[in-house]
Amino acid sequence: MNIEIRKLTIEDYKDLRESMVQAYDTSGNGIWSKANIQNLLNIFPEGQQCISVDDKVVACSLSIIVDYDIFGDNHTYEQITGKYTFSTHTASGNVLYGIEVFVHPEYRGLRLARRLYEARKELCETLNLESIIAGGRIPGYHEHAEKLDPRQYIDRVKSKEIYDPTLTFQISNDFHVRKILKNYLPGDLESKEFATLIEWNNIYYQDNVSARSAKTIRLGLVQWQMRLFPDIDAFYEQVKFFVDAVSGYKSDFIMFPEFFNTPLLEPYNHLPEMEAMRKLAESTEEIVKRIQEYAVSYNVNIISGSMPIIEDGKLYNATYLCHRNGLTEDYRKIHITPNEQKYYGMSGGDKIGVFDTDCGKIGILICYDVEFPELSRIYADQGMQILFVPFLTDTQNGYTRVRRCAQARAIENECYVAIAGCVGNLPKVNNMDIQFAQSAVFTPSDFAFPTNAVKAETTPNTEMMLVVDVDLHLLDELHHFGTVKILKDRRKDLYEVRLLKS
């Protein structure tokens with residue numbers, strides 16, 4: 001599955017029409033014509049956004065910009081759209097007005113509407129508009145109209161006593177009800193012809209200049225408590241809990257620790273460690289598939305800790321980057337520790353390279369790998385901005401090596417480094433008895449960053465998550481104007497670090 005959010009084009013109309021017909025359960029009457037869509041694309045192409053799944057358009061949002069003072073809160077849908085001609089659109093307006101959002105019913109479980117809402121918010125901020133306003137249906141109201149007036153119904157929805165498929169979603173996406181409208185959409189029997197005038201305020205709005213100049217990426221790190229699970233479904237529930245929690249904070253990435261799935265070794269504890277780990281590897285494909293589903297449905301890029309995999313008879317320690325657009329890529333631990341060699345017979349991977357994501361270029365190293373500065377230096381030369389390091393250490397000595405080396409990698413490569421590890425004890429699983437971790441995000445060391453070069457860190461040895469914002473523009477400024485310019489000041493006439501095998 002490949003999910004892409006992008007600008008709508010007129011070539012998408014065939015798919016668009018099919019999705020509209022399915023979304024509105026209609027033969028085609030009352031849906032947007034090709035001429036309507038072409039008109040919108042002519043006057044405001046940036047405001048017409050769609051989501052394609054495997055190159056088929058299955059969701060769409062349509063918007064215009066209006067001078068809201070002209071219309072005020074007492075308007076109808078026909079008035080705000082200029083009788084569907086969109087003559088009300090003006091580039092000098094102050095409000096992004098949402099005139100349509102729909103998702104093909106077969107794709108509603110993927111939370112695509114939330115992506116469209118987030119894209120609208122981003123557009124509103126980029127264009128420095130005051131707010132997003134739209135008229136929202138309340139399709140569940142007809143079931144309660146005999147006992148509740150619209151205001152009472154809306155209050156019950158706000159307090160979560162009643163679920164309304166449209167209003168509940170809008171409230172959960174930070175919109176508030178500004179007013180109740182009557183006769184907004186004549187013929188809307190489910191809403192009894194009432195509508196909510198909903199609004200999302202752009203907190204970055206300034207009169208002439210946008211206050212948001214930095215590109216901020218939000219990271220979510222899971223400090224995972226080792227615990228035994230009665231079955232794999234219980235394991236999935238714990239993974240889903242953290243994904244749900246971190247995505248609730250609108251994080252761009254979530255990272256789990258190295259070997260966080262080893263509690264699932266318990267049923268094989270009677271086997272030698274090498275055989276047990278190979279048995280565990282049999283479930284990796286299924287686990288990765290489930291995590292990829294979470295990445296798509298919760299709209300967050302997931303670095304899946306690490307898990308054992310078998311290929312051509314060899315056992316590897318691999319992590320998976322599950323992009324929120326449906327793509328999955330893997331990285332295999334390059335440097336295998338003596339413990340991994342002795343107990344599991346693991347082999348080292350041989351592919352080195354950065355990953356392109358919707359939030360910039362990132363690198364991944366697994367635990368011991370971060371203690372070898374050559375790898376991250378190669379990543380830096382390839383444009384890496386954030387380095388993710390899932391780790392697993394049993395003693396504080398081992399943790400200190402990972403932490404100190406990760407901090408050094410952040411400073412010498414002018415990047416952010418995020419580390420996440422497991423904590424607690426794991427009885428009934430051989431060679432996984434104790435864990436020590438304090439997850440953290442490290443920064444370069446200069447005036448724009450914390451004086452100790454630690455952006456944030458968890459409480460040691462306690463299950464928790466860490467949500468941290470990092471500013472990629474600060475890295476650009478550091479690279480060009482820093483107190484020292486480590487990457488630029490290298491003596492390449494004397495030495496070099498280069499990749500021998502791609």
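**Strand E8 and its partners**

Modeller: Strand E8 and strand E18 (residues 416-425) run parallel, joined by two bridges; strands here are DSSP runs (E, at least two residues; helices are H or I, at least four), numbered from the N terminus, and two strands pair if DSSP finds at least two bridges between them. Mind you, this is a predicted model, where local features need pLDDT of at least 70, side-chain atom pairs count only at pLDDT 80 or more, and totals for chains, interfaces and linings use all residues. Residues are numbered from 1 along each chain as its sequence is written, and side-chain values use heavy atoms, leaving out hydrogens and water.

Biologist: Which residue in E18 is the bridge partner of Gln 225?

Modeller: E18 is a parallel neighbour of E8. Within E18, Gln 225 has as its bridge partner Val 423.

Biologist: And E22, parallel or antiparallel to E8?

Modeller: Eight bridges tie E8 to E22 (residues 464-471). Leu 219 stands opposite Val 468 there. The two strands run antiparallel.

Biologist: What is the bridge partner of Leu 219 in E9?

Modeller: E9 (residues 253-255) runs parallel to E8, with three bridges between them. In E9, Leu 219 is partnered by Phe 253.

Biologist: How many of the ten residues of E8 are buried?

Modeller: Buried means under 20% relative accessible area (exposed is over 50%, partly exposed in between; 1.4 Å probe, protein chains only). E8 spans residues 216-225 and is mostly covered. The count of buried residues is seven.
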